[in-house]
Every structure is written in structure tokens, then in C-alpha cells.
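Trainee: I would like to check some labels against their cut-offs. Can we go through them one by one?

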Amino acid sequence: MAGEELRSLADRAVAEIGAAVDEAALEAARVRYLGRKDGALTEATKRIGSLPAAEKPAYGAAVNEAKRRIEAAVEERSGALRTATVARELAGEHVDATLPPRRVRLGRLHPVTQTMRDVSRIFATLGFETVEGPEIEWDYYAFEALNIPAGHPAREKWQTLWISNPLGDDPARPMLGRPHTSPMQVRVMEQRKPPIRVVIPGRCYRYEATDAIRESIFFQYEGLAIDEKLTMSDLKGTLYAFARQVFGSDRKIRFRVDYFPFTEPSAEIAFDCFACEGKDPHCRVCGGDGWIEAAGCGMVHPDVLRRVGYDPKRYQGFAFGGGLERLAMLRTGAPDIRLFYQNDLRFLEQF
Ligand code: DAH
């Protein structure tokens, strides 16, 4: 093959390569000319060996030139095809800036957790430290130390779930799921010296049929203040301040006589209804009563103080305890305590 023929071979190759419509056609053309096995140019290269020495340099140069042109053409076409592919893909893509963004699902705190934190925060402004205690408790702290010995009728009110012999040490000494947070009053007093101001939020357990306002697993918050000159008016002032921060500045608070074995005197606290202020006989928050029962409270019983080694002549104190879900229901308008624990996001996401 003379130089002339090699040139026209290269011309044909460049034309075919330039006309390749896609990557596959380009590859086929490349193999046809540059393919190692029987590409046209490879054949031509093999021939060099059989040529007379005088013709070899010119022929070799012509082969190299043809090869260079063909390779350059492949390179160029390949680039052009790639650019075209990208352009086609871009043309097919539509960015619609008017579409709503995809929703990011943010997590949030459970309404009962939110309420618990608010209670802690509010009592912190009144000088109360938040502490926590065990959910599984000894009979002594849950009952005995609170003036509720075995056989006391008040135990009926705090029936709970018993756990037999949990530590394996004494079968006669079972533990229980605490039915209220009041045992923490005793634990805190045992561990500290007055003055004491603590609030204890925590999970409680009761042997109970559930209904719209009762759960067998629920939360309470407990408050305890012990000092040298505390009186019932300190208790009232503290709870007023709390009620105002939770429900607004105009709240009234009602104290009515109640009975708890570990306080003397004892009272029940109710807030005047923040929803209807006592004006709506069909109010769905207070049921038309005008008052919302919130907690039990009282002055810590002298026997309770004596049991932890405090002198009741020197130290007095007040205590209170109420249901956290109750507060959460009042603040959110949730009509049923069980909604908090069904894990239905349609409910929980509202808060
Ligand atoms: N522990 C009581 C209950 O669960 C509520 C209570 C009443 C707590 C009087 C107190 C208190 O601290 O002084 O029903």
C-alpha cells in the first residue's frame, strides 16, 4: 500500500468516525481501522516488515500519520458525542421551582416531656431544684414512712404493681412500682439537711382500670420545702406563682380540705378554669364546674419529719403532688390521657 492509498484510507476512516451517531457506532469504526486483530491500519503496519529497506521509512511515516489522524478523529468524535449526551439529558430535565419542597420530618419532644420540663423550669424560678428518684420502690418509702402502715385503709387509694423479691435477698420484702412520687420526700429528707426546696417529676404505677383521666402508668410531680418558718401561706404563695406561670396571670386557686396521711393539715388544690373562667356550664375543660382539680398538698406531718430525724418544733414544711398528664391535658386540650401513650403521630405532632 503506497502513501497515497494510506491517505485515502485515513480520509475514509475520518469521515466514518465523524459520522458515527453514537458511542457504539464510534467503537465499531475504531475497531475497523485501529483494532489490534484485523484493523485496516494494523494490517498496513504489519506490512512494513516485508518492504524493501529503502521504502520502509516513507511508508512507516505514512502509516504513523494515518494512525495519528484516525486517533485524533476518534478522540474528537468521542468528546462530541459525550457533550451531546449531557446536553440531551439536561434538556430532558425540568426544574420546577414552584413545587413545594419535600417535607423534612423534624422530631419533637413528647407533650408530657414538654410539660415536665416546664414544671421544672417554673419551679426553678421559685428556688426549687429538680431531682429524680427510683420508680421501683420499697414499701417503706412508698407507704410506711408516709404514715401509711400495712393495713391502713389509705393503701386502697394507692394500689400498685408489686414485684416479688427483686434482689433475691428477702422474699418477705417485695418492691413495688411507686404509686406516687411522695416517697421521694422521705428519700430527699434522709439525704439532706434543711433548708430543702425540691421538685420531683417522675413515672408512677397504679393497679387501675384506665379511663379518660386515669392510666396505670403515668407521671406525677412532687414538691417539698422544709425550713424553719414555713407556713401554709408559703404553700399557697408557691402554688399561686406556679399556676400563674402555667395558665396565665389571672388564675385563682382554690384550697379545700382533704386528707392525706402524710400531711396535716391537708388540702386539695384546684385552679379556676382558664378556658371559661367559670362562665360556661358546658365547658369541656372543667365540665362546667369552673374549677380544675390539680394536686394534693399540705404541711408535712410531724411524724414524717420525726422519722427522718428532723425536729418538728424547729422545722416545718409543705408538700404537694399532682399529675403531669393532667397539666398536659389542660394545656393542650387533649380530651383523653390515653392519647399520650398510643404513639399516634397524628396526635403527637400537634404539639
Ligand atoms: N401523693 C398524693 C397522691 O398521689 C398526692 C399528694 C398529696 C402529694 C399531698 C403531696 C401531698 O406531696 O402533700 O395522691
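Mentor: Start with E277, which is partly exposed at a relative accessible area of 39%. The model is predicted: local features need pLDDT of at least 70 and side-chain atom pairs pLDDT 80 or more, while totals for chains, interfaces and linings use all residues. Residues are numbered from 1 along each chain as its sequence is written, and side-chain values use heavy atoms, without hydrogens and water.

Trainee: Why is E277 called partly exposed?

Mentor: Buried means under 20% relative accessible area, exposed means over 50%, and partly exposed is in between (1.4 Å probe, protein chains only). E277 has 39%, so the label is partly exposed. E277 also has a positive phi of about 50° although it is not a glycine, and belongs to the loop between strand 8 and strand 9 (291-300). Helices (H or I, at least four residues) and strands (E, at least two) are DSSP runs, numbered from the N terminus.

Trainee: What makes N147 count as buried?

Mentor: Its relative accessibility is 12%, and the limit for buried is under 20%. N147 therefore counts as buried. N147 too is not a glycine and has a positive phi, about 65°; its place is the loop between helix 6 (139-142) and strand 3 (162-163).

Trainee: What makes strand 6 largely enclosed by the rest of the structure?

Mentor: Nine of the eleven residues of strand 6 (residues 217-227) are buried, so the strand is largely enclosed.

Trainee: How do you know which strands pair with strand 6?

Mentor: Two strands pair if DSSP finds at least two bridges between them. Strand 5 (residues 196-205) and strand 6 have ten bridges, in the antiparallel sense. Strand 6 and strand 10 (residues 316-323) have eight, also antiparallel. I200 has E222 in strand 6 as its bridge partner, and D227 has Q316 in strand 10.

Trainee: Why is the span of helix 2 called close to the expected one?

Mentor: The expected span is 1.5 Å times one less than the number of residues. Helix 2 (residues 23-34) has twelve residues, and its first and last C-alpha are 16 Å apart, close to the 16 Å expected.

Trainee: How do you know that the buried residues of helix 2 are on the same side?

Mentor: The buried residues are L26, A29, Y33 and L34. They cover an arc of only 100° around the axis, which puts them on the same side of helix 2; the arc is that of the directions from the helix axis to the C-beta atoms.
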